[in-house]
Amino acid sequence: MNAATATGWVGKSIARVEDAALVTGRGRYIDDLGVRRGTLDAAILRSPHAHAMIRSIDVTAARSAPGVAAVLTGAEVMGLSASLVVAVKAPVQCWPIAVDRVRYVGEPVAVVVATDRYHAEDALELIAVDYEPLSAIVDPRAALDPPQQVLHEALGSNVANDRSFRYGDPERAFAEAPHKVSVEIAYPRNSCTPIETYGVIAEYDPGEDAYDVTANFMGPFSMHAVMARALKVPGNRFRLRTPPDSGGSFGVKQGVFPYIVLMALAARVAGAPVKWIEDRLEHLTASVSATNRVTRLDAAVDGDGRVLALAWDQIEDVGAHIRAPEPATLYRMHGNLTGAYDIRHVSVRNRVVLTNKTPTGLNRGFGGPQVYYALERLMQRIAVDLGLDPIDVIRRNLVPGGAFPYRTATGGLLDSGDYAATIEVALQGGALAELQMRRDQARNQGRLYGIGYCAVVEPSVSNMGYITTALTAEDRRRAGPKDGAQATATIACDPSGAVSVQIASVPQGQGHRTVAAQIVADVLGLTPRDISVIADVDTARDGWSIASGNYSSRFAPAVCGAIGLAATQMKDKLTRCAAAQLNVPADEIEFSGGRVRARSNPDNTISFSRLAAAAHWSPGIIPDGAQALRETVFWTPPQLTAPTDADEINSSLCHGFIFDFCGIEIDPATGALRIDKYVTTHDCGRVLHPAMVAGQITGGFAHAVGAAIYEEFVYAPDGAILSASFADYLVPTASEVPEPVMLHVETPSPFTPLGAKGVGEGNCMSTPVCLANAVADALGVAAIDLPLKPGKLLQLVRQRDAKHA
């Protein structure tokens, strides 16, 4: 599909078409959209307990309160809907509202629908709930203990899924290795806290028994089937639309889907459209977060620091319910458990546990931060324990440059790269030698200065079948195969010859419309301003698939590839039309500057708009098969297959590479961490818009600094959340986030139409562990968990001083 980029718009940092509206306050977010007259507002009563039986709910006073149209409890929801499906084979139900007991602080208990939000909130205070408190579990390790209180009685324990995997011969490798190095990690909960919270506008048509919902849902649209099933309607009677603009998501807005079901039912009961906008306290308490995970990772290592085998033991805390698509956070990285390294022997034990915390879901990096924190802390420990240079340990274990495409031990297929060469670009371009001199000078002065490194493979374009790796091969055979990652794009020419593009990508500020226009402009010889792009989704109008949406960094490699293919098919039709009108062979036709001409006779030409319009105004002169100037492409890569019977899974299509290093200093008096220099080098395949790539890296780095130093959802022993506001859940501002040095290497992917890979999540995977490795280097500590807050670091400083006293 090289023709898609012949004229050169792609690869340039042109101005974004989205920005004029966004920076002048003319964006159209969910709360800006007009609603039908008579639309009501909803408010949610939430549980103050982490775990309690609901003895009774009295809503009599609330139903008779001024302005109240309806009150829903678990009884109404159960009567009108079905449980949300779960992705593992477990006898549990998952409702969007508590039906017999509450299992986390903030779980919905009742919904009030009223003429406005004020009346709805007032009526919440009139609902009387009689709770019987139960003991709570907040530590995932405690969830393994059989005597603990069980959250879901039908399950019989708090372990929802327990699977073991074996690849190669890890037992032999460990038996024969001269060294064994281990790390134990307790990765905390955090979230990406988009500036815009959840929003839903729902309507029910009793005549059609159909729902029409607008929500700032981001995908994946596999959840459309989950929601339709819960609402007990076929998919064609559940219309889901997204607003033109969304104020950030970073994965979090996938978690709005239970509220879509809840508000749709509220509209049905109230007999009118219902609108609900989540407030910030609700969002921090009860939306979704990344999973917290307890990991033990062992390595069999030879004398040179070469890793011969890995043994993973992961305990994944998904909160109170296994909400789809969980346990996807645990399995998204399954094909990449060896990271950037050539390690052929791996054992894995994965346990998914339930605790009295908010259910988890998509969050930027989605499983990558948890995996790489353990793996790259391990690599640093290998270097320390064996007295080796950390960079030498990384180099000796890398996948060789000539080995791509490279099949990992667990089934991943690394598409392209030269990891060793990228590291050299980083070391030279980032001036590591100078940073090492700075460290040595600081240490000579008695200051606490450290350097950290990490190497990360960044997956993108998720295989829709990887989640089924949580099932046994026998269960997968019974359920039928799941695989692929379909992307869609539609291109059409209207009667004036203008070009429109529709993509099901649901952007949240990334600039999808700009890049889509660049790609089509290159193919058709136009300018990006000539192209109109629609990127929001209407499931009743648009081409979409279950893989549609804005997640797993799929836009550049998958959606842009589909755009290029659709534009090329459109160009092929127009080429046939032009050849007939200009009376030349088709291979003589070229598109440039808004015109279509004969290559050997440039004066034999026609404007693009006139050529495209002819299909509408003069279809009789158009060659057979070229009349309809509308092309829709559904593209799925053949490399994304279902898990094998041996549990091998290529969980993602593309794999970028990141090598980071940083220098940090710790204040011995306060424990404050200062990032002195941060260098991040990326190979994300072909760069389609350099400025947007820089923006994605900067944004991911800012999120990662927050996760590394500031952010953590903290729960009391009774399950009460202690960080439910920005006063307690600290998010870094621009003042706390230094500007990283960014370097690039490009090795195009052979698996995507444009050679692009994803780039939006990598620093969320690399930066936390890179900073932690630098702290470990500065303090000489073997174990350290996130976040790297001053109090924690000050305690480590004092322990270090006591040891050296």
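Which residue has a side-chain oxygen that reaches to within 3.1 Å of the backbone nitrogen of Y118 at the start of α4? The residue is D116. The model is predicted, so local features need pLDDT of at least 70 and side-chain atom pairs count only at pLDDT 80 or more, while totals for chains, interfaces and linings use all residues. Residues are numbered from 1 along each chain as its sequence is written, and side-chain values use heavy atoms, with hydrogens and water left out.

Helix α4 covers residues 117-124. Helices (H or I, at least four residues) and strands (E, at least two) are DSSP runs, numbered from the N terminus. In α4, A120, A123 and L124 are buried; buried means under 20% relative accessible area, exposed over 50%, and partly exposed in between, with a 1.4 Å probe and protein chains only. Seen down the axis, the buried residues of α4 fall within an arc of 110°, and therefore line one face of the helix. The arc is that of the directions from the helix axis to the C-beta atoms. These buried residues pack against β1 (40-46), α2 (60-63), β3 (68-73) and β5 (108-114), where contact means heavy atoms within 4.5 Å.

Helix α13 (residues 432-444) has 13 residues, which at 1.5 Å a residue should span 18 Å. The expected span is 1.5 Å times one less than the number of residues in the helix. The end C-alpha atoms of α13 are 18 Å apart, in agreement with this value. The buried residues of α13 are L432, L435, R439 and A442. They cover an arc of only 80° around the axis and so lie on the same side of α13. A433, M437 and N444, on the other side of α13, are exposed. The packing partners of the buried residues of α13 are α11 (390-397), α12 (419-429), β18 (448-462), β26 (652-666), β27 (673-683) and α19 (762-779). After α13 comes G446, with a positive phi near 85°.

Q370 is placed in helix α10 (residues 368-386). Q370 counts as buried because its relative accessibility is 3%. A polar contact of 3.0 Å joins the side chains of Q370 and T291. Such a contact is a pair of N or O atoms within 3.5 Å; within protein, one must be able to donate a hydrogen and the other to accept it, and residues adjacent in sequence count only if both atoms are side-chain atoms. Apart from neighbours within four places in sequence, Q370 is in contact with Y187, A290, T291, R293 and T329.

Across the whole structure, a search finds 14 aromatic pairs. Rings of Phe, Tyr and Trp (its six-membered ring) pair if their centres lie within 6.5 Å; planes under 30 degrees apart count as stacked, over 60 as edge-to-face and the rest as tilted. F165 and Y331 form an edge-to-face pair, 6.1 Å centre to centre and with 70° between the planes. F165 lies in strand β7 (residues 159-167) and Y331 in helix α9 (residues 328-331), so the pair ties together parts that are 166 residues apart in sequence. F165 is buried at 5% relative accessibility, and Y331 is buried with a relative accessible area of 0%. F165, Y167 and Y331 form one aromatic cluster.
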